[in-house]
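This briefing goes through one protein model by topic.

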Amino acid sequence: MTDSTAPTPPPASLRPVVDAALAARLRAAFTAADFTADGCLDLLGAAAYAALARSETVPALRATDGGSARETLLRLFLLQRPVSRAAAEAAGIPVQECLADGWLTADRPAGPAEGAAPDGGGIVRATVDIRPYANDIAGTDDAGDAWIVSDLGCSVGGAGGIGSVGGVPRSELVLGVGGASTTLANITVRRPARRVLDLGTGSGVQALHAARHAATVVATDVNPRALHFTRLTAALSGLATVETRQGSLFEPVPEETFDLVVSNPPFVISPGGRFTYRDGGMPGDELCRSLVAEAGRHLEPGGYCQLLANWQHVRGEDWRSRLTGWINGTGCDAWVVQREVQDVFEYAELWLRDGGDHREDRAQYDARYEEWLDAFEAAKVEGIGFGWITLRRAPDGRDPVVTAEEWPHPVEQPLGPEIERWFARQDFLREQDDAGLLAAHYRLADEVVQEQIGVPGAEDPEHVVLRQNRGMRRATKVDTVGAGFAGACDGSLPAGGILDAIAHLVGEPSALLRDRAPEQIRLLVEQGFLVPAALDPDGSA
Ligand SMILES: C[S@@+](CC[C@H](N)C(=O)[O-])C[C@H]1O[C@@H](n2cnc3c(N)ncnc32)[C@H](O)[C@@H]1O
C-alpha cells in the first residue's frame with residue numbers, strides 16, 4: 001500500500017500507527033481465534049448478531065462471558081469492553097506492541113469492575129472499533145475474511161447522535177459499514193479490473209471489496225482521518241493494493257481514468273455541512289450532480305461508475321428530467337433506479353435524528369427543523385429521492401441510452417451481475433430493428449414463473465403475470481399469446497418461428513402476431529425475462 005499524504009510522525013488523531021508487520025500479527029491472532037464474520041455469527045447466534053447491527057450490545061455481552069480467545073477479541077474490539085491484559089495476551093494479541101502503536105490503551109483496574117485482572121496486571125481497552133467483515137461478494141470461493149477499522153462507537157455506519165470521541169470532533173469521525181455501504185457493495189459490477197477508484201472511502205469498505213477484483217485501488221476522501229482508517233483496514237485485512245489520496249471529489253485524480261468508480265458519497269441534502277461523513281457541504285443535491293457530471297471523464301471506455309445518491313424533487317420538474325440533465329453530456333449510458341421518495345418532513349426528521357438533534361433541547365431541535373424546511377422551501381423541494389445511479393462510458397460517437405425508473409420493491413442481492421447484464425441487453429436491443437428481434441433466439445431467464453389471476457373456477461385467467469424470482473424480481477402482465485411465447489423460448493427456434501407456430505395454434509394470422517410482438521419482446525428483454533441467445537452462448541444466463 002502506498003500513501004502520499006500521511007504526515008510523520010502521526011498526530012494523536014492519526015493513531016494507531018499503520019505498521020504492516022504488527023497488522024499481520026493481529027490478523028494472525030484474529031484468524032487463529034476465528035474472530036471472523038462467520039466465527040462471530042457462530043459465537044453469538046443470528047439474533048444477537050443482528051442486534052449488533054442495531055447498535056445493541058447487551059445480547060452479545062451475554063453470549064461472550066466464557067473467556068475463550070474469540071470471546072475476548074469480540075469484547076475488546078467489537079463491544080469495546082476493557083479486558084485483562086492477561087486475557088488479551090492469551091488471545092494472541094501482542095499487547096506491548098499494540099500499546100506502543102496505539103491500538104490499545106492500558107488502565108490499572110479500578111476495583112472489582114468488569115475486566116479487572118485477577119493477576120493484578122491491569123486492563124486494556126481498544127482505541128478503535130475493529131469489526132470482522134466477510135469480503136465475499138467478488139464471487140471467489142474463499143471467505144475473504146477482512147476487518148474494518150472505524151472510530152469507537154461508530155461501527156454501524158450511522159452515527160445516531162454520538163458525540164465527539166477521544167477528542168476528535170464529531171465532524172471528522174469515521175464510520176464503519178452501514179446499510180448504504182452494503183447496498184453499494186452489492187450493486188457493484190465486479191469484473192476483473194485494472195484500476196478502481198473508491199471516492200469518499202471512509203473506513204475503506206468499498207476499497208476492500210474492489211481490492212478483490214482489481215489490480216490497484218485508489219481510495220480518496222476529504223477527511224485525512226478517513227484515509228488513515230482505510231489504511232488500517234487494508235493493513236489488517238492484508239490488502240497491499242490500496243492507495244490513499246486526500247481531496248474533494250475527483251481532485252485527487254485530475255487526469256486519471258478507471259475501469260470502475262464507486263462512491264457512497266455524503267449525499268444528504270442538508271442546510272450546512274455539519275458532518276463530513278454525510279453532508280457534502282454543497283447546496284441541495286449539487287455534490288451528487290457534480291460527481292455524476294464529472295464521472296464520464298474518469299472512465300475507461302466501457303468502464304462503470306456506480307453511486308448512491310439523493311436527489312431533489314422540485315416543484316414543476318419531473319425527477320427523471322433532473323437526473324437525465326445530470327447525465328446528458330457525460331458520454332455515458334445510464335441506469336437510474338429510484339428506490340424511495342421521502343417527503344421533506346420525514347427526510348429532515350431522519351437526518352436530525354441521525355445527528356442526535358432529537359436529544360437536544362426541544363427549542364433547538366425545532367429551530368434546526370425549521371432551518372431544514374426553510375432551505376427546502378427556498379429551493380421549491382417537495383420530496384427527496386434516494387436511489388442507485390450506474391453510468392457506463394459509451395463508445396465514442398454512440399448516442400448514450402439513459403433510463404430512469406422507479407423500483408421500490410425488494411431485489412435479490414448481490415445485484416451487480418444483473419446490472420451488468422442489463423447494460424448488455426441494452427446493447428443488444430440498440431442493435432436490433434424489428435426484423436432483427438424476430439430473427440433472434442431467446443431463452444426464458446432462470447426462475448421466471450407464470451401466475452394466473454382470475455375468478456376461481458373461470459376457464460380463462462383475467463391476467464397472466466410473468467414473475468422473476470431473481471435479480472430485480474420484476475413482474476409483468478402478458479396476454480396468453482405472450483405467455484405461450486415466453487414459455488416456448490428455449491433458444492432453439494427464432495422468435496418469428498415461435499410466433500408462426502402460435503398463430504397456427506390459435507388460428508390468428510401470423511403477420512398480426514409478428515407485427516405486435518417486437519414491442520413486447522423489447523420489454524421482456526430489457527427487463528430480463530428473456531435472454532437473447534447472443535448473450536447466453538452457453539445457456540447459463
Ligand atoms: C457516507 S460516507 C461513505 C464511506 C464508505 N465509502 C462507505 O461506503 O461506507 C462518505 C465519505 O465521503 C467523504 N467525503 C465527504 N465529502 C467529500 C468530498 N467532497 N469528496 C470526497 N469525499 C468526501 C466523507 O469523509 C466520508 O468518508
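In this predicted model, 11 residues of domain 2 are in contact with 8 residues of domain 3. The domain 2 side of that contact has 6 nonpolar, 1 polar and 4 charged residues. The points below set this contact beside other features of the chain.

**Domains**

- The protein chain is divided into domain 1 (17-127), domain 2 (179-425) and domain 3 (432-535).
- Taken over C-alpha atoms, the centres of domain 2 and domain 3 are separated by 36 Å.

**Nonpolar cores**

- The largest nonpolar core holds 107 residues, and among them Val217, Val261 and Leu391 touch the most other members.
- Domain 1 (17-127) and domain 2 (179-425) each contribute at least three residues to this core.
- Leaving aside residues up to four places away in sequence, Val261 touches Leu197, Leu199, Ala295, His298, Leu299 and Cys305.

**Ligand shell**

- There are 24 residues around the ligand, and those that come nearest are Ser181, Gly200, Gly202, Ser248 and Asn264.
- At least two shell residues come from each of helix 8 (179-187), helix 9 (205-210) and strand 7 (214-221).
- By class, the shell around the ligand contains 10 nonpolar, 12 polar and 2 charged residues.

**Helix 2 against helix 3**

- The axis of helix 2 and that of helix 3 (residues 46-53) come within 6 Å and cross at roughly 115 degrees.
- On the helix 2 side the contact involves Cys40, Leu41 and Leu44, which meet Ala46, Ala48 and Tyr49 of helix 3.
- The residues of this contact are 6 nonpolar, with no polar and no charged ones.

- Most peptide bonds are trans, and most residues other than glycine have a negative phi.
- Arg15 and Pro16 are joined by a cis peptide bond, with omega about 5 degrees.
- Pro16 belongs to the segment before helix 1 (20-32).
- Another cis peptide bond links Gln413 and Pro414, where omega is about 0 degrees.
- The loop between strand 13 (402-406) and helix 15 (416-430) contains Pro414.
- Asp34 is a residue other than glycine with a positive phi, near 55 degrees.
- Asp34 sits in the loop between helix 1 and helix 2 (37-44).
- Is Asp34 buried, exposed or partly exposed? Asp34 is partly exposed, because 17 other C-beta atoms lie within 10 Å and the class of partly exposed residues falls between 12 or fewer (exposed) and 20 or more (buried).
- Leu249, also a residue other than glycine, has a positive phi near 45 degrees.
- The position of Leu249 is in the loop between strand 8 (242-246) and strand 9 (258-263).
- Leu249 has 19 C-beta neighbours inside 10 Å and therefore counts as partly exposed, since a buried residue needs 20 or more.

How values were computed: Residues numbered from 1 in each chain as written. Predicted model: local features only at pLDDT ≥ 70, side-chain atom pairs only at ≥ 80, totals over all residues. Helix = DSSP H or I, 4+ residues; strand = E, 2+ residues; numbered from the N terminus. Axes fitted to C-alpha atoms, helices over the stretch in contact; angles between N-to-C directions. Contact = placed C-beta atoms within 7 Å. Nonpolar A, V, L, I, M, F, W, Y, C, P; charged D, E, K, R; others polar. Near = placed C-beta within 6 Å. Core = buried A, V, L, I, M, F, W, Y, C linked by C-beta atoms within 7 Å. Domains from an automatic or database assignment.
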